Amino acid sequence: MKYVKYQFIALLAILAIITGITGCGNEDDPVITRVTLTYNTNGSTSGTTPTAMTQETGTTITLDAGSGFSRTGYTFSGWNTSADGTGTNYAGGSSYTLNSNITLYANWMAISTTQYTLTYNANGATSGEAPTAVTAEAGTNITLNAGTGLSRTGHTFGGWNTNADGTGTNYAGGSSYTLNSNVTLHAKWNTESTGTSNNLKLTIGDKTATAVLYDNATARDFKSRLPFTVTMTDYAGTEKIFYPDPKLSTEGAPAGFDPSIGDITVYAPWGNVALFYKDFGYSSGLISVGKITGGMEAFTVSGSITVKFELAE
């Protein structure tokens, strides 16, 4: 009987040892945790919310690209940790590492609904109607009317200008224009060079001067653009200059001479018009297009001057 008793006690001891060993092994096993990423479409007006994702901590996932839902008047611009967009941003379709339970909110960017209107003014056209105004969203690139259908007796269409008198910014017909504000563009009219007179009238503030144009390709191009008003700046203490846009033709024109007081010239390499108020040595790049015949003193003042060039009556 004692023998059975001792066997029972030994069996209990063995069981206790095994239980202790097994218990120690469980404490050393790693604990597996899972975390969940939840999406919130944050005011979307159509589509469905992406499915939440539950993965082991540390798993790298690809965020939903935002293609299955939309919001009227807005474009999807990724995910944010705060509903008001003040948290951390994550691009749609980017990688994200799950380290804790988190909710990501759709980030929405308002679509611009600001619209502007470009209005055309025929500006003295004798036939044809002003092109239809164009209204489009801010930042839209439009192609300007080429002036087709418009005409003015004694003039040729020279594009569009922000001022009726042609003193503003020029835009060529058919060129690209970006709408960033309401604007009126006025037809720019160049005087046809069909007349025989090459006499000019130049108005400088309350002063006037007279000039004559020569007969060469550059002078004829100059004449075809009349009337126009430009700001002439002082250069080198010898001349007043301005830059025609586009440059004047220099085809077949003789270049190079000794300019003297009153000469109206074009410097071919740069394309600028220069009116000399002092004598100057020989220049191989100068083309002579005309000469001041009266009122030269108006050009001898210091600094910049505004000059209106037109054919004399």
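This is a short tour of the structure, stop by stop, with what to select at each one.

Before you start, note that this is a predicted model, in which local features need pLDDT of at least 70 and side-chain atom pairs count only at pLDDT 80 or more, while totals for chains, interfaces and linings use all residues. Residues are numbered from 1 along each chain as its sequence is written, and side-chain values use heavy atoms, with hydrogens and water left out.

**The whole chain**

Begin with a cartoon view. The chain has two helices and 25 strands; helices (H or I, at least four residues) and strands (E, at least two) are DSSP runs, numbered from the N terminus. Of its 313 residues, 32% count as buried. Buried means under 20% relative accessible area, exposed over 50%, and partly exposed in between (1.4 Å probe, protein chains only).

**An open sheet**

Select β3, β1, β9, β6 and β7, which form an open sheet in that order, with mixed pairing. Two strands pair if DSSP finds at least two bridges between them. At the edges stand β3 (53-56) and β7 (89-90); each has a single partner strand, so one side of each is left without a neighbour in the sheet. Now highlight residues 34-40 and 102-110: these are β1 and β9, paired in the parallel sense over four bridges.

**Phe 69**

Next, go to Phe 69 in strand β5 (residues 69-70). Is Phe 69 buried or exposed? Its relative accessible area is 6%, so Phe 69 is buried. Not counting residues up to four places away in sequence, Phe 69 touches several residues, including Phe 76, Trp 79 and Trp 108; contact here means heavy atoms within 4.5 Å. Show Thr 48 too: Phe 69 and Thr 48 are 21 residues apart in sequence, and their C-alpha atoms are 5.8 Å apart.

**Helix α2**

Select residues 217-224. Six of the eight residues of this helix, α2, are buried, so it is largely enclosed by the rest of the structure. Among the buried ones are Ala 217, Asp 221 and Phe 222. At the start of α2, look for Asn 216, where a side-chain oxygen comes to within 3.2 Å of the backbone nitrogen of Thr 218.

**Salt bridges**

The structure holds five salt bridges, each a side-chain nitrogen of Lys or Arg within 4 Å of a carboxyl oxygen of Asp or Glu.

- Asp 234 and Lys 240, with the closest N and O atoms 3.0 Å apart. Asp 234 is partly exposed at 32%, whereas Lys 240 is buried at 0%.
- Lys 291 and Asp 263, with the closest N and O atoms 3.2 Å apart. This pair links distant parts of the chain, 28 residues apart: Lys 291 is in strand β24 (residues 283-294) and Asp 263 in strand β22 (residues 263-267).
- Asp 206 and Lys 207, with the closest N and O atoms 3.8 Å apart. Asp 206 is exposed at 74%, and Lys 207 is partly exposed at 40%.

**Thr 238**

Finish in the loop between β19 (228-235) and β20 (239-242), where you will find Thr 238. Thr 238 counts as buried, at 12% relative accessibility. Leaving aside neighbours within four places in sequence, its contacts include Leu 275, Tyr 277 and Phe 280.

Conventions:
Polar contact = N/O pair within 3.5 Å; in protein donor to acceptor, adjacent residues only side chain to side chain.
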